[in-house]
Amino acid sequence: MSVRLFVLHRHVDASGVSGTGIVADGVDFGPYVVLCWRTTAAGVPGLGIYRSIEEVETIHGHGGLTRVVWEGEPYVQHPTEHLLREEP
């Protein structure tokens with residue numbers, strides 16, 4: 001079984017709950033994907049179990065506002081990412 005580590009990098013917090021930047025750490029075990037949220041509204045980290053990385057992207061990607069960044073792969077900024085960032 002191959003295991004891959006990743007983070008979810010959120011450009012815009014569409015839900016107003018988890019903030020921006022790296023919001024979750026994940027492990028793709030092949031048959032399942034596990035997410036551990038770094039922050040939540042309750043202040044208690046949460047876990048999620050999903051059937052695939054595609055399911056994670058569908059549920060939490062918010063149309064490209066959040067991206068999967070695999071460990072060991074350089075983060076490449078999308079050409080329009082600066083337009084998506086929230087103002088402080």
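**Entry 1: histidines in S1**

I started with a polar contact of 3.5 Å between the side chains of His9 and His11. For such a contact I required a pair of N or O atoms within 3.5 Å; within protein, one must be able to donate a hydrogen and the other to accept it, and residues adjacent in sequence count only if both atoms are side-chain atoms. The model is predicted, so I noted the limits: local features need pLDDT of at least 70, side-chain atom pairs count only at pLDDT 80 or more, and totals for chains, interfaces and linings use all residues. Numbering runs from 1 along each chain as its sequence is written, and side-chain values use heavy atoms, with hydrogens and water left out.

I placed His9 in strand S1. Is His9 buried or exposed? His9 counts as buried because its relative accessibility is 15%. My cut-offs are under 20% relative accessible area for buried, over 50% for exposed, and partly exposed in between (1.4 Å probe, protein chains only).

**Entry 2: overall layout**

I found two helices and five strands in the chain. Their order from the N terminus is β-β-β-β-α-β-α. These elements are DSSP runs, numbered from the N terminus: helices are H or I with at least four residues, strands are E with at least two. The chain has 88 residues, and 33% count as buried.

I then looked at contacts, meaning heavy atoms within 4.5 Å. Among contacts with a separation of 6 or more, 41% come from residues 24 or more positions apart.

**Entry 3: the core**

Which residues make up the largest nonpolar core? I listed 12 residues: Phe6, Leu8, Val23, Ala24, Val33, Leu35, Trp37, Tyr50, Ile53, Val56, Val68 and Trp70. At least two each come from S1 (4-10), S2 (21-28), S3 (33-37), helix H1 (53-60) and S5 (66-70). S3 gives the most, with three residues. A nonpolar core here is a set of buried Ala, Val, Leu, Ile, Met, Phe, Trp, Tyr and Cys residues joined through side-chain atoms within 4.5 Å. In soluble globular proteins, nonpolar side chains tend to be buried together.

I checked Trp37 next. Leaving out residues up to four places away in sequence, Trp37 touches Leu8, Arg10, Val23, Ala24, Pro45, Gly46 and His60.

**Entry 4: His60**

His60 sits in helix H1. His60 is buried, at 15% relative accessible area. With the same exclusion of residues up to four places away, its contacts are Leu8, Arg10, Leu35, Trp37, Tyr50 and Thr66.

**Entry 5: salt bridges**

How many salt bridges does the whole structure hold? My search found two. The criterion is a side-chain nitrogen of Lys or Arg within 4 Å of a carboxyl oxygen of Asp or Glu.

Asp25 pairs with Arg38 at 2.9 Å, N to O. This pair links distant parts of the chain, 13 residues apart: Asp25 is in S2, Arg38 in the loop between S3 and S4 (47-50). Asp25 is partly exposed at 31%, and Arg38 is partly exposed at 44%.

Glu55 pairs with Arg51, with the closest N and O atoms 2.7 Å apart. Glu55 counts as buried at 18% relative accessibility, whereas Arg51 counts as exposed at 61%.
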